[in-house]
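Biologist: Before I use any labels for this chain, I would like to see what each one rests on. Please take them one by one.

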Amino acid sequence: MSLQENYYNVQARILAACERAGRDPESVTLIAVSKTKPVGMIEELAGFGQCEFGENHVQEIVEKTAAFPDVRYHMIGHLQRNKVKQVVGRVVLIHSVDSLRLAEEISKESQKRGIVTDILVEVNVGNEESKYGFSFEETERAVSEIRKLSGVSVRGLMCVAPYVAVPEENRPLFHKMKQLLVDISSKYMDNSTVNILSMGMTNDFETAIEEGATHVRIGTALFGAREYNVGR
Ligand SMILES: *Cc1c(COP(=O)(O)O)cnc(C)c1O
């Protein structure tokens, strides 16, 4: 399958999931996860109309935003505090804020530049040791702490759900995420800005959409399998 065929296929699957859930397709944003893939593939996909791209390594964000600045980049991977400087100002949204100290660093760097950085708070939805993020129980508290910081705007929640054989297995977790977002945003006067739910990947994005995802992050279904033999 060509990249174009994959793209149309993924778009059709997103549309069908929206239809099943009675949702407006405009309420779901496809983020093409281009990590490890060459910038030429980003350009090719952009040529078909794709605007949003996800990356998880700072070095790749620096290189790709320089080589092809014409699209919007999202930071979706674990971010070390000492690399915050390289990411702030280069991406439209940092999905993976998994500690208060990271949020403080983003706040500091954003204020230095006189900008406000949009962020999501990451939830370790499956309580997996190998994954980053706040537990369900900690998340509401974390959001309220992070909201006190200048230079950052908490726009919603993100999770990397467990890898499961059948996507249906993640439905209860996606449902809980939606519930948590509603609970949190209803607490704030400006709740209309806390409305992003970034969840769902190649393996389970349709289920995530049915449960309320506003941003799905899809790599493999678009670009094919990744090769990790280049030092990552
Ligand atoms: C790699 C990655 C994705 C995309 O995964 P696929 O299964 O290839 O669609 C989504 N989110 C995050 C955080 C990732 O690191």
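This is a predicted model: local features need pLDDT of at least 70, side-chain atom pairs count only at pLDDT 80 or more; totals for chains, interfaces and linings use all residues.

Modeller: Residues are numbered from 1 along each chain as its sequence is written, and side-chain values use heavy atoms, with hydrogens and water left out.

Biologist: Why is glutamate 211 called buried?

Modeller: Buried means under 20% relative accessible area, exposed over 50%, and partly exposed in between, with a 1.4 Å probe and protein chains only. Glutamate 211 has a relative accessible area of 14%, so it is buried. Its place is the loop between helix 8 (205–210) and strand 8 (215–218); helices (H or I, at least four residues) and strands (E, at least two) are DSSP runs, numbered from the N terminus.

Biologist: What makes the pairing of glutamate 211 and arginine 171 a polar contact?

Modeller: A polar contact is a pair of N or O atoms within 3.5 Å; within protein, one must be able to donate a hydrogen and the other to accept it, and residues adjacent in sequence count only if both atoms are side-chain atoms. The side chains of glutamate 211 and arginine 171 are joined by such a contact at 2.8 Å. Contact in the plain sense means heavy atoms within 4.5 Å. Not counting residues up to four places away in sequence, glutamate 211 touches Arg171, Phe174, His175, Lys178 and Met199.

Biologist: Why does serine 107 count as buried?

Modeller: The relative accessibility of serine 107 is 4%, therefore it counts as buried. Serine 107 sits in helix 5 (residues 100–113). With residues up to four places away in sequence left out, serine 107 touches Leu149, Ser150, Gly151 and Val152.

Biologist: How do you know that isoleucine 196 is buried?

Modeller: The relative accessible area of isoleucine 196 is 8%, so it is buried. Isoleucine 196 belongs to strand 7 (residues 196–198). Leaving aside neighbours within four places in sequence, its contacts include Leu93, Leu120, Arg155, Leu157 and His215. Isoleucine 196 and asparagine 6 are 190 residues apart in sequence and 25 Å apart in space, C-alpha to C-alpha.

Biologist: What makes a group of residues a nonpolar core?

Modeller: A nonpolar core is a set of buried Ala, Val, Leu, Ile, Met, Phe, Trp, Tyr and Cys residues joined through side-chain atoms within 4.5 Å. The largest one here has 61 residues, and Ile14, Ile94 and Leu222 are among those with the most contacts inside it. Isoleucine 14 touches Val28, Leu30, Phe205, Ile209 and Val216, not counting residues up to four places away in sequence.

Biologist: Why is lysine 131 called partly exposed, and why is asparagine 127 called exposed?

Modeller: Lysine 131 has 23% relative accessibility, so it counts as partly exposed. Asparagine 127 has a relative accessible area of 58%, so it is exposed. Lysine 131 lies in the loop between strand 5 and helix 6, and asparagine 127 is placed in the loop between strand 5 (117–123) and helix 6 (136–146). Lysine 131 and alanine 161 are 30 residues apart in sequence and 9.1 Å apart in space, C-alpha to C-alpha.

Biologist: What is the phi of asparagine 127?

Modeller: Asparagine 127 has a positive phi of about 50° although it is not a glycine. Most residues other than glycine have a negative phi.

Biologist: How do you know that glutamate 63 is partly exposed?

Modeller: Glutamate 63 has a relative accessible area of 45%, so it is partly exposed. Its place is helix 3 (residues 58–67).

Biologist: What makes a set of points a pocket?

Modeller: On a 1 Å grid over the protein atoms alone, a pocket is an open set with protein on both sides within 12 Å along at least five of seven lines, and lining residues have an atom within 4 Å of a point. The largest pocket has a volume of about 590 Å³. Its lining has 25 residues, of which Lys35, Val160, Met201, Arg217 and Arg226 are the closest to its centre.

Terms used. On a 1 Å grid over the protein atoms alone, a cavity is a set of points where a 1.4 Å probe fits but cannot get out, and a pocket is an open set with protein on both sides within 12 Å along at least five of seven lines; lining residues have an atom within 4 Å of a point. Grid points are joined across faces, edges and corners, and a volume is the space filled by probe spheres set on the points.
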